[in-house]
Amino acid sequence: MALQDSFGRKIDYLRISLTPKCNFKCFYCRPQGDCLPGDYPNPLTRWEIERIVRVAAALGISKIRLTGGEPLLKPDLLTIIRQIARTPGISDISLTTNGFFLAAKAAALKKAGLNRVNISLDSLNDERFRRITGGGRLSKIKAGIDAATRVGLTPLKINMVVIKGVNDDEIRDFAALTRDRDIHIRFIEYMPLGDGHNQWQERYLSVKEIMEVCQSLGPLERVVEKVQGNGPARYYRLAGYRGVLGFISPISEHFCGTCNRFRVTSDGMLKPCLFSGEELNLREAMDDDEAIKALFSRALDIKPSPLKPPYLAQHHCEGVRARGMVEIGG
Ligand code: SAM
Ligand code: SF4
């Protein structure tokens, strides 16, 4: 059975948030500062995750991304990865992390069956990095990047959320990292998801503007070969450089027409769309594979039309509190 909606979009990718907890407080992700473990005391267990993945794989999901909060804080993460890797039909497991705990865990993650990682990094300056993340140490992230590369969690992708007046003066420095290293630098537009994004409009920078800055380093050539795990990013390479640059434009140029994903929040809600407040409670179906299947099928039905994207409409969904990125997982 394939998960395909009436607009021809085939859903084969599931992002699972393992925890809403995080050791960082990136202001664009957690604008209200604090984590919300009190709101979600009961994150999905590894047995629940195993069951959701097994049923999803039988429906045609082949790629899983683990995220959070910070997924490396999930106590039984290695067991979860091993279980997912054993699931028939799953061909790719990736993880998005802030990289703080990665140096110590990279080898074990690889051995458990993880294929690759995306690391979020918004500044190459120690002091600025500390300010953005609310106390993070840049040296730990660099060590994480080196360890992930060493053990083969590749292609390694670095996600930079570009924010005007905060880190936009570093776009060139990030792009220059691809000169000699076979890595992907992905520039992401800042999205005002959840509450508390004061001054969002003043801080927002479009992909078009970001690309113009990159072009000051040289001509950008469109990458035509398949990039593993490529989703919404458009990929380019600076002429003569080894790595690639990805541009993700959820605000300025939506990619709803080619969306191939569903999300599961750490408290077990199936989300057909990042921007919509619609959610389906998988926990209520947890004893019955057929009931889980029915919820995936319902998620297909309510996935918003690509012709009428529900931009930042979370606030308009009755009875659903607007979730921030830290709760959804990006
Ligand atoms: N803690 C992990 C990390 O930072 O990679 C995983 C969770 S984080 C929510 C996933 C991704 O969402 C990160 O790459 C982060 O930069 C991105 N993100 C968070 N808030 C965002 C926002 N307001 N706009 C755009 N991207 C955002
Ligand atoms: Fe934590 Fe990642 Fe959000 Fe930063 S972006 S607060 S590291 S979940």
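How are helices α1 and α9 oriented to each other, roughly parallel or roughly perpendicular? In this predicted model, α1 and α9 are roughly perpendicular to each other, a label given to angles of 65 to 115 degrees, while angles under 35 count as roughly parallel, over 145 as roughly antiparallel and the rest as oblique. Residues are numbered from 1 along each chain as its sequence is written, and chains are lettered from A and ligands numbered from 1 in the order in which they are written. Local features need pLDDT of at least 70 and side-chain atom pairs count only at pLDDT 80 or more, whereas totals for chains, interfaces and linings use all residues; side-chain values use heavy atoms, without hydrogens and water.

Two packed helices are described by the angle between their axes and the distance between the axes. For α1 (residues 46-58) and α9 (residues 289-302), the axes come within 10 Å and cross at roughly 65°. Here axes are lines fitted to C-alpha atoms, for helices over the stretch in contact, with angles from 0 to 180 degrees between N-to-C directions. Helices (H or I, at least four residues) and strands (E, at least two) are DSSP runs, numbered from the N terminus.

A second pair is formed by α3 (residues 102-112) and α5 (residues 138-151), whose axes come within 8 Å and cross at roughly 20°. That angle makes α3 roughly parallel to α5.

Ala, Val, Leu, Ile, Met, Phe, Trp, Tyr, Cys and Pro count as nonpolar, Asp, Glu, Lys and Arg as charged, and the others, Gly among them, as polar. A nitrogen atom of ligand 1 sits 3.2 Å from an N or O atom in the side chain of Glu70. An oxygen atom of ligand 1 is 3.2 Å from a polar backbone atom of Thr97, and a polar side-chain atom of Asn159 lies 3.3 Å from an oxygen atom of the ligand.

Ligand 2 has around it Cys22, Phe24, Cys26, Cys29, Arg30, Gly69, Asn98 and Val326. That shell divides into five nonpolar, two polar and one charged residue.

Methods: A polar contact is a pair of N or O atoms within 3.5 Å; within protein, one must be able to donate a hydrogen and the other to accept it, and residues adjacent in sequence count only if both atoms are side-chain atoms. A residue is near a molecule or strand if one of its heavy atoms lies within 4 Å of it.
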